[in-house]
Amino acid sequence: MNTTPTTSPRPSQLPPPSQDHYLGLTGANAMATRAVAETEARILKAIKHNATVCIHGHVGLEKTFAVHTVLRRRAPETTVRLRYNNGANMNEIRTQLWRRLNLAGEPQQSVGPCDQQIQDALEAEPRVLLIDEVQGLGAKALEYFRTLWGDDARRAAIILVGSGNARQKILNNPALHSRILDW
């Protein structure tokens, strides 16, 4: 008799494909493009090496669409999707991350223990952190995600997606910039 508990796959945090395009094109089919292939190569590199990559470009180039398409195929159950409002404070960032990681209870009020539980959850199993609209995050938030990546071998892959000044914000944070595997 097998007494090993069976676990079902974690539900994807990625939106359904019908919500990928801002125009809501009902019945539209995605086409394979060089941009999606290049995005996939970078994401696969991030997953393979538990690294951080940044997908950036002008507004309307469908960066998020390409990233969602790739992650739906390659890491649907391990993707932790985060998207914050402009200028989100650190409490909002920690709370959303806590909930997306399905940690029990409410986030601890004390920053150290809260961050330790988040770090432990990220190291417990392979994860891909997808952080969309990074141009709206402040320097403190970007530094926080850099610290979550950690310095030991059990890191989460991090996909940063942004437009506008996203690249410049990351370049202005030398500790984060030095950890970007690919742009």
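Throughout these close-ups, a contact means heavy atoms within 4.5 Å. Everything here comes from a predicted model, in which local features need pLDDT of at least 70 and side-chain atom pairs count only at pLDDT 80 or more, while totals for chains, interfaces and linings use all residues. Residues are numbered from 1 along each chain as its sequence is written, and side-chain values use heavy atoms, with hydrogens and water left out.

View 1. T79 counts as buried because its relative accessibility is 2%, where buried means under 20% relative accessible area, exposed over 50% and partly exposed in between (1.4 Å probe, protein chains only). Its side chain reaches the backbone oxygen of A75 at 2.6 Å.

**View 2. L101, in the loop between α3 and α4.** The loop holding L101 runs between α3 (90–100) and α4 (111–124). With a relative accessible area of 5%, L101 is buried. Look for I118: it lies 17 residues from L101 in sequence, and the two are 7.7 Å apart in space, C-alpha to C-alpha. Leaving out neighbours within four places in sequence, the contacts of L101 are V80, I118, A121, L122 and R127.

**View 3. Where α3 meets α4.** The two axes come within 10 Å and cross at roughly 35°; axes are lines fitted to C-alpha atoms, for helices over the stretch in contact, and angles run from 0 to 180 degrees between N-to-C directions. The crossing is left-handed, meaning that the near helix is turned anticlockwise from the far one by less than a right angle (clockwise would be right-handed). On the α3 side you'll find R94, L97 and W98, and on the α4 side V111, C114, D115, Q117 and I118. By class, that's 5 nonpolar, 1 polar and 2 charged residues, with Ala, Val, Leu, Ile, Met, Phe, Trp, Tyr, Cys and Pro as nonpolar, Asp, Glu, Lys and Arg as charged, and the others, Gly among them, as polar.

**View 4. Where α4 meets α5.** Helix α5 spans residues 139–149, and its axis comes within 10 Å of that of α4, crossing at roughly 50°. The pair is therefore oblique: under 35 degrees would be roughly parallel, over 145 roughly antiparallel and 65 to 115 roughly perpendicular, with the rest oblique. This crossing is right-handed. D115, I118, Q119 and L122 of α4 meet Y144, T147 and L148 of α5, a set of 4 nonpolar, 2 polar and 1 charged residues.

How values were computed
Polar contact = N/O pair within 3.5 Å; in protein donor to acceptor, adjacent residues only side chain to side chain. Helix = DSSP H or I, 4+ residues; strand = E, 2+ residues; numbered from the N terminus.
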